[in-house]
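Please open the structure in your viewer and keep the selection tool at hand. The tour below goes stop by stop, saying what to select and what is there.

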Amino acid sequence: MQKKDCKPVKLWTPLAEVESSALDQLSNTSSLPFIFKHVAVMPDVHYGIGATVGSVVATKGAIVPACVGVDIGCGMMAAKMPFKSNRLPDNLQSLFDSISEAVPVGDATHNSPQFSVSMSGYERLPDSITDNPMRVANQIGTLGGGNHFIEVCLDLEENVWVMLHSGSRGIGNKIGKYYIDQAKKIMNQYMIKLVDPNLAYLVTDTELFDDYWRDLQWAQTYAMENRLVMMKLVMRCIAKEIFGDVNTVIAPELTVNCHHNYAERENHFGENVIVTRKGAVRARVGDMGIIPGSMGTRSYIVEGLGNVESFCSCSHGAGRVMSRSKAKETFNHDDVETQTAGIMCRKDDGIIDELPGAYKNIDQVMENQKDLVKIVAQLRQVICVKG
């Protein structure tokens, strides 16, 4: 896919299956003058704000904050437990309740910081976006809302896994929106007309770029720490429910913690570039990643194959096939019951927009990226705590 005066767009999904609004966004992104080589598009691609979700954009000399997104550092963590499903209680309600109590969801926070987490670097954030520092500290170890979740899963060998999905919470969102707005002001100041104002960019070797990069890295670190703290809290719940002692140490056999909304400096095709992944996971040779389906469908632990054409990337999930509003119009409470059958989770209408029917077929998504990753484990959830 390539238009005149645009860099190529390389897709890991059939062109006919990409919504027209997302195709327009990809075309807009590929027209930016500092795009390096091409735009790589993952099989879970769908429309986003400014830039498509499921796009990998390498640049030289500039960065587009919207190509990172506003949930900076959003990603996944998974841990393989050293025991099998027969150690889980027959009735999972108690474990579900314990996790739900231990990890605040939605807008809720902890009453105090968990595990003495560090807030180093927070003081350098712009004054206009700094929140109550105690609230920001208390949000570490919280889930948030939307498509964020905590799951207890089983693989094909009945090994127990814990998997969770969350990012940099409210402060990361503020950082993302702040710098998108600052980039728009720069575009107006220099009378740079863009086909989409949300693709406003920051040029390297400028003070604003340096500030964004610093705060971006802080938010990514915060998001990683957020997932680590949540995992500790869930492990304590498991220790209590299975071993009867919250202080029992559980040593995971494998742990994976990866971003899928972020930016890094990397080397591709022999050149140093900035790579933004918005709804994509880095998948260099040997990199471990997590590709969730949706509540009610399987998820995958994967290992990267280092495909250079994808800038060593893979999808971050199944990807939405319908908007949240469309899902709410399409499904009803009966669909909640049928599409989450056999899973200990909320069964109310508040999760209608997260039902499996609102997402692409995860099996087809995996088939479309078999040259990007190899499957290490296939998971099915038995508990799902939604934000």
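Start by selecting Phe-269, which sits in the loop between β10 (261-268) and β11 (271-278). Strands such as these are DSSP runs of E with at least two residues, helices are runs of H or I with at least four residues, and both are numbered from the N terminus. Phe-269 is not a glycine, yet its phi is positive, at about 50°. Its relative accessible area is 36%, so Phe-269 is partly exposed. Here buried stands for under 20% relative accessible area, exposed for over 50%, and partly exposed for what lies in between, with a 1.4 Å probe and protein chains only.

Before the next stop, a note on what is on screen. This is a predicted model, in which local features need pLDDT of at least 70 and side-chain atom pairs count only at pLDDT 80 or more, while totals for chains, interfaces and linings use all residues. Residues are numbered from 1 along each chain as its sequence is written, and side-chain values use heavy atoms, with hydrogens and water left out.

Select Glu-158, in the loop between β6 (149-155) and β7 (159-166). Glu-158 is not a glycine either, and its phi is positive at about 70°. With 29% relative accessibility, Glu-158 is partly exposed.

Now select residues 207-243, which form helix α5. How many residues does α5 have, and what distance does it reach from its first C-alpha to its last? It has 37 residues and reaches 53 Å, close to the 54 Å expected at 1.5 Å a residue. The expected span is 1.5 Å times one less than the number of residues.

Two packed helices are described by the angle between their axes and the distance between the axes. The crossing of α4 past α5 is left-handed, a term used if the near helix is turned anticlockwise from the far one by less than a right angle, with clockwise giving right-handed.

**Salt bridges**

Side chains of opposite charge can pair when their charged atoms come close. A salt bridge is counted when a side-chain nitrogen of Lys or Arg is within 4 Å of a carboxyl oxygen of Asp or Glu. The whole structure has 18 of them.

- Select Glu-123 and Arg-124, whose side chains form a salt bridge at 3.6 Å, N to O. Glu-123 is exposed at 57% relative accessible area, and Arg-124 is partly exposed at 45%.
- Select Arg-284 and Asp-287, a salt bridge with its closest N and O atoms 2.8 Å apart. Arg-284 is partly exposed at 39%, whereas Asp-287 is buried at 16%.
- Select Arg-346 and Asp-348, where the closest N and O atoms of the salt bridge are 2.7 Å apart. Arg-346 is partly exposed at 27%, and Asp-348 is partly exposed at 32%.

Then select Glu-266, Arg-277, Arg-282, Arg-284 and Asp-287 together, as salt bridges with shared partners join them into one network.

**Cysteines**

How many disulfides does the structure hold? It holds zero, a disulfide being a pair of cysteine sulfur atoms within 2.5 Å. The closest cysteine sulfur to that of Cys-153 is in Cys-384, 8.4 Å away and so too far for a bond. For Cys-345 the closest is also in Cys-384, at 5.9 Å, again too far for a bond. Cys-153 is buried at 1% relative accessible area, and Cys-345 is buried at 8%.

**Two last selections**

Finish at Asp-90, in the loop between β5 (75-84) and α2 (93-102), which is exposed at 86%.
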